[in-house]
Amino acid sequence: QVQLVESGGGLVQAGGSLRLSCAASGRTFSDYTMGWFRRAPGKEREFVAGIRWSDGITHYTDSVKGRFTTSKDNAKKTVYLQMNSLKPEDTGVYYCAQTSKYIYASRWYFQREYDYWGQGTQVTVSS
């Protein structure tokens, strides 16, 4: 069993920064992928970023490239999402999620590929 716990959300002004953390317990390594998703108000949940535990390969959705960075600390079993130059449209509930098998990076965008989800943390960016 895998448990994921997000933290680090909050209220920030546009242009500001936040760092989200996702602490994992249970089976977390090998070639599993940790993804970050968000659900904006009135919208469907969408992929934001992903990182693979084994080799640290990362991918980002276009809207956050150059502003968000995901990283990992294997010893702490924790993944981070550093969010800079935040915009009001980044507002939403952010979730981390983990696969239970290796998947190609092209499939990281699909929620159905992830088997474990955190409870989510609210990020609000004011204009």
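This is a predicted model: local features need pLDDT of at least 70, side-chain atom pairs count only at pLDDT 80 or more; totals for chains, interfaces and linings use all residues.
Me: How do you know that the radius of gyration agrees with a compact globule?
Reply: A compact globule of 127 residues would have a radius of gyration near 14 Å, and the protein has 13 Å, so the value agrees. The C-alpha atoms fill a box of roughly 40 × 25 × 25 Å along the principal axes. Of contacts between residues at least 6 apart in sequence, 60% join residues at least 24 apart.

Me: Why is the link between Cys 22 and Cys 96 called a disulfide?
Reply: The sulfur atoms of Cys 22 and Cys 96 are 2.0 Å apart. The cut-off is 2.5 Å, so the pair qualifies. A disulfide is a covalent bond between the sulfur atoms of two cysteines. A search of the whole structure finds one disulfide.

Me: Why is this disulfide called right-handed?
Reply: The torsion about the S-S bond of Cys 22 and Cys 96 is about 65°, so the disulfide is right-handed.

Me: What does the pair of Cys 22 and Cys 96 tie together?
Reply: Cys 22 lies in strand β3 and Cys 96 in strand β9, so the pair ties together parts that are 74 residues apart in sequence.

Me: Are Cys 22 and Cys 96 buried or exposed?
Reply: Buried means under 20% relative accessible area. Cys 22 has 0%, so Cys 22 counts as buried. Cys 96 also has 0%, so Cys 96 is buried. Buried residues make up 44% of the 127 residues in the protein.

Me: Why is Asp 62 called exposed?
Reply: Exposed means over 50% relative accessible area. Asp 62 has 61%, so Asp 62 is exposed. Asp 62 is found in the loop between β6 (58-60) and β7. The C-alpha atoms of Asp 62 and Val 48 are separated by 8.6 Å, and these residues are 14 apart along the chain.

Me: Which strands are the edges of the open sheet of four strands, and what makes them edge strands?
Reply: The order in this sheet is β1-β3-β8-β7, with antiparallel pairing. β1 (3-7) and β7 (68-73) are the edge strands, as each pairs on one side only. The twist averages 15° from one strand to the next.

Me: How do you know that β1 and β3 pair?
Reply: Pairing needs at least two bridges between the strands. β1 and β3 have five bridges, in the antiparallel sense. Glu 6 has Cys 22 of β3 as its bridge partner.

Me: Which residues touch the most other members of the largest nonpolar core?
Reply: This core has 25 residues, and those with the most such neighbours are Met 34, Trp 36, Val 48, Phe 68, Leu 81, Met 83 and Tyr 94. Strands that each supply at least two residues include β4 (33-39), β5 (45-52) and β8 (78-83). The largest share, four residues, comes from β3.

Me: What is Phe 68 in contact with, leaving aside its neighbours within four places in sequence?
Reply: The partners of Phe 68 include Val 48, Leu 81, Met 83 and Tyr 94, and also Arg 38 and Asp 90.

Conventions: Residues are numbered from 1 along each chain as its sequence is written. Side-chain values use heavy atoms; hydrogens and water are left out. A nonpolar core is a set of buried Ala, Val, Leu, Ile, Met, Phe, Trp, Tyr and Cys residues joined through side-chain atoms within 4.5 Å. Buried means under 20% relative accessible area, exposed over 50%, partly exposed in between (1.4 Å probe, protein chains only). Contact means heavy atoms within 4.5 Å. Axes are lines fitted to C-alpha atoms, for helices over the stretch in contact, and angles run from 0 to 180 degrees between N-to-C directions. The radius of gyration is taken over C-alpha atoms; the globule rule is 2.2 Å times the number of residues to the power 0.38.
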